[in-house]
Amino acid sequence: MTTEEILDQIRKGLEAVAPSRAAEFHKVKSPEDLDSLGLDSITTLELVDRLEKRLGIAFTDDFLMDMTSARDLVAAIQSQVA
Amino acid sequence: MTATEPPAGSPRRYSPRLRPLLYDLVQGVIRFLFLTLSHPKTANLDACPRQGPAILAVNHLSYFDGPMVLAMLPRRVRPMAAERLRRHYFFGPVMVATGAIFIRRGQMDRAAMRALVEVIEEGGCVAVAIEGTRSPDGKLQEGKNGVAYLAAKTGAPLIPAAVWGTEQIWPAWKRLGRAEVHLSLGDPITLDPQALDVSTLDETTRVIMSRIAGLLPARYLPETGVQE
């Protein structure tokens, strides 16, 4: 899965979690753009839950706790999906 | 560490199991201390169901808020507490003995959220500081969405709770006096468990904060008012 495909999945997940911010999410072109959105922990938590279900992957709680940027999330997804 | 493999031998930080006898013993001691060393006043405690799932959304002025809720509520309640409180010389053991669920603030602590959901789904009652931390100026702060998220996930009734006067406990003791402390509950709010989007959580948080503001004396409200 390419970075662009992963970002697309993240955009879809975010639109489901926070539909009122869909226009902002459409502008996301890189992991750094995601970081600049200033998502709170509850939004990110729900996004991660939805990504796990949608992509059939699983993150450890310790990884999520230590995750510092969207690039970490994208890399973790890339390592789990072919 | 990888994203998929838990580190070997990592300690389990959460213990959703409550030890009822230890809880009741500690609750009895804390209640006795509150009754003898302060003047506790309560209102509308019947708003909290005696059994079944419930979420108490509490404002936060002092370290004594959690013990005050534990002491006065007529049922066992599991507090959510900041991880750093676990090491406090007095409140740490109290929190551990009452089955607190410790959360790391500022991090995505999914295990703690899962533990809270588990307690609620098993019919327990949790108490959560809706502002996320103690108020730095004694005024009601902006609410966080964590409480609304728990309510939306579980469908449990959400009970606004206002605590005040607890910030005067230490100053009163220094004068060998007793502070008047208050716990007042608002009527429960129930969310549609399907309504889990951020706009709904924001709106629910605003409603709860407004209810808590309605329970607090005016001196605890921000001068800018509470958004409704």
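Modeller: Read along the sequence, chain B runs α-β-β-α-β-α-β-α-β-α-β-α-β-α. Here helices (H or I, at least four residues) and strands (E, at least two) are DSSP runs, numbered from the N terminus. This is a predicted model: local features need pLDDT of at least 70, side-chain atom pairs count only at pLDDT 80 or more, and totals for chains, interfaces and linings use all residues. Residues are numbered from 1 along each chain as its sequence is written, while chains are lettered from A and ligands numbered from 1 in the order in which they are written.

Now the sheet. In chain B, 7 strands form an open sheet with mixed pairing, in the order β1-β7-β6-β2-β5-β3-β4. Two strands pair if DSSP finds at least two bridges between them. β1 (38–43) and β4 (101–103) of chain B stand at the edges with a single partner strand each, so one side of each has no neighbour in the sheet. Neighbouring strands of this sheet are turned by 25 degrees against each other on average, direction ignored.

Strand β3 (residues 78–82) of chain B runs parallel to β4(B), joined by 3 bridges. Ala81(B) stands opposite Phe102(B) in β4(B).

A helix covers part of the sheet's strands. Helix α7 (residues 198–215) of chain B lies across β2 (54–58), β6 (158–164) and β7 (179–185) of chain B. Its angle to β6(B) is about 40 degrees. Axes are lines fitted to C-alpha atoms, for helices over the stretch in contact (C-beta atoms, placed from the backbone, within 7 Å). Angles run from 0 to 180 degrees between N-to-C directions.

Key. Contact = placed C-beta atoms within 7 Å.
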